[in-house]
Amino acid sequence: MKKIILAVFVILTTIMLSSCLKIATPEELLVSPALNQEKREMKEAVDNFRPPNSASYPVIMSDSDRSMSMIISDLDLDSSSEIISFYKSKVDDKIGMFILKKVDNIWVKKDDIKFNTYEISEFMIEDLNGNGKKELIVESYEPENTLNPRNYSIIYFDNKEVKVIKEIPNMIIEIADINSDGRKEIFSITKNLSDLDYVLNIDEFDGSKIVNYRKKVLKDIKKPYNISIGKIFDEQMAIFIDYIGDNKDEDTDILVFNKDHKVLTDMRDIQEFNKGNYQFNVQSQDVDNDGIIEVGYKFKAPNYSVSIQDTKEGGLINGYFKIKKDYKLELVKEVYENIKLGYVMNIPKLFTGKYTINENDMNTNINFINHLGKEYPLIQINYIKKYEWQQDNELRNSMQLITENQDYVIAGKVLDYSDSLDDKERESYLQMRSSVQILSNVIKERLYK
């Protein structure tokens, strides 16, 4: 009997000790239980306050490609974060947004704002007037309005109350501090009903209303689709407006901003720049994240000195250029984008002026080109049906997998024709080959937006 009691005691002790000495998983060590509890409470609060007959509506933040159904931010600078959550009504499909705030340790609804839209195209959190508090900028899409199909709203705290400037019509908006005064301007393009001209509006939010800072009629611009704000040379700020002309060619208008006189000068009115006769048929953007906007055009490698306007020609490269102080262009980046097969290749610097691209429906060949213009194969990229890839071991062993989906894979291989070249060109070829040895480092799936 004593032996039985002793055995039971030993078993119970072992169970108790094993429970006490349980080793935490890496996830448990990294995540604070208190934080998990707080997030659970936030999620419960959002679920409780969401209106009846509605569903959560995730939105895309301006600085992220990821959609979010619950945004947490301290908007009014009281050291306590608010919850912002969007929802879609199941009755009329219209979208709303509510803001929750913790008062005396209890979540309460500060406001519930309904928008006259079925789609939120972008959501931003910005300190527009430089007072440290944050404003919510909600950009909605209204396809039935063919003149100005987008609206933006500004939601902000005035003391402890939520205020709204609602649904201002526009086509495109961008936010930036163009005059370096610590406040951010709102750049929007609208189309006039009377004369159908496009107008660039530069507005400021003064803490309670929107004040127009500058307005310019864009006489020579047709169908604008993008605004970028950034520096060019000598800290000079400029506005880049990408548009599609009457002949369906893309181009970019560049407006140089004089902050002392609030004057906008069209770059094409500057004689030194106009001599280049440029047509920028690639969307402007800051490709190297240095605050300077690069302009872009398509060209046929290896010659990138003149833009090619016939975009039907295969094997074109997107070239991005900085505008130098003498108004000439300096190549910054080359990108090969195969829209049909859905991938993008960042061309290494070593390749500049030394390669050609040949493509067809199923594959792309990138070649080294010698001083006589003769091509030597360097990279082969193939579109392969998924079932063929899965069944062919030899194919899988000979090629690098770059990207795949349910139906196909993109795979490639780096070739070696260096023995066919003389010493100097062989060295150049081998350096280029070395820079792309792992193809997935330079070739990515194209993300459609």
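This is a predicted model: local features need pLDDT of at least 70, side-chain atom pairs count only at pLDDT 80 or more; totals for chains, interfaces and linings use all residues.
Residues are numbered from 1 along each chain as its sequence is written, and side-chain values use heavy atoms, with hydrogens and water left out.

Let's start with the whole chain. Of its 449 residues, 43% count as buried. Here buried means under 20% relative accessible area, exposed means over 50%, and partly exposed is in between, with a 1.4 Å probe and protein chains only. The chain exposes about 25,000 Å², and carbon and sulfur atoms supply 49% of that; the areas come from the Shrake-Rupley method with a 1.4 Å probe, and for residues only the protein chains shown count as cover. As for contacts (heavy atoms within 4.5 Å), take those between residues at least 6 apart in sequence: 43% of them join residues at least 24 apart.

Now for the charges. The structure holds 24 salt bridges, each one a side-chain nitrogen of Lys or Arg within 4 Å of a carboxyl oxygen of Asp or Glu. One of them joins the side chains of Arg268 and Asp251, at 3.0 Å from N to O. The two partners are 17 residues apart, with Arg268 in the loop between strand 19 (263-266) and helix 4 (271-274) and Asp251 in strand 18 (residues 250-258), so this pair links distant parts of the chain. Arg268 is partly exposed at 22% relative accessible area, whereas Asp251 is buried at 11%.

Lys340 and Asp361 make another salt bridge, at 2.8 Å from N to O. Lys340 lies in the loop between strand 23 (329-338) and strand 24 (343-347), and Asp361 in the loop between strand 25 (355-359) and strand 26 (363-369), so the bridge ties together parts that are 21 residues apart in sequence. Lys340 itself is exposed, with a relative accessible area of 62%.

Then there is Glu404 with Lys386, whose closest N and O atoms are 3.2 Å apart. This pair also links distant parts of the chain: Glu404 sits in strand 28 (residues 400-404) and Lys386 in helix 5 (residues 386-391), 18 residues apart. Glu404 is partly exposed at 41%, and Lys386 counts as buried at 15%. Salt bridges can also join up, and Asp76, Asp78, Glu82 and Lys101 are linked in a network of them.

Lys101 turns up again with a ring: its charged end sits over the ring of Phe157, 6.0 Å from the centre. Likewise, the charged end of Lys109 sits over the ring of Phe98, 5.2 Å from its centre. The test for this is NZ of Lys or CZ of Arg within 6 Å of the ring centre and within 35 degrees of the ring normal.

On to rings with rings. The structure holds 15 aromatic pairs. Rings of Phe, Tyr and Trp (its six-membered ring) pair if their centres lie within 6.5 Å, and planes under 30 degrees apart count as stacked, over 60 as edge-to-face and the rest as tilted. Phe273 and Phe280 form a tilted pair, 6.3 Å centre to centre with 35° between the planes. Phe273 is buried at 2% relative accessible area, and Phe280 is buried at 1%. Phe280 also pairs with Tyr278, this time stacked, at 5.6 Å and 25°; both Tyr278 and Phe280 are buried. Elsewhere, ring pairs link Tyr297, Phe299, Tyr304 and Phe321 into a cluster.

Leu255 belongs to strand 18 and has a relative accessible area of 0%. Its contacts beyond four places in sequence include Leu200, Leu218, Met237, Ile241 and Leu264. The C-alpha atoms of Leu255 and Ile241, 14 residues apart along the chain, are separated by 8.1 Å.

Glu139, in strand 9 (residues 135-141), is buried as well, at 6%. Its side chain makes a polar contact with the side chain of Arg150 at 3.3 Å. A polar contact is a pair of N or O atoms within 3.5 Å; within protein, one must be able to donate a hydrogen and the other to accept it, and residues adjacent in sequence count only if both atoms are side-chain atoms. Beyond four places in sequence, Glu139 also touches residues including Ile120, Tyr152 and Ile173.

Technical notes. Helices (H or I, at least four residues) and strands (E, at least two) are DSSP runs, numbered from the N terminus.
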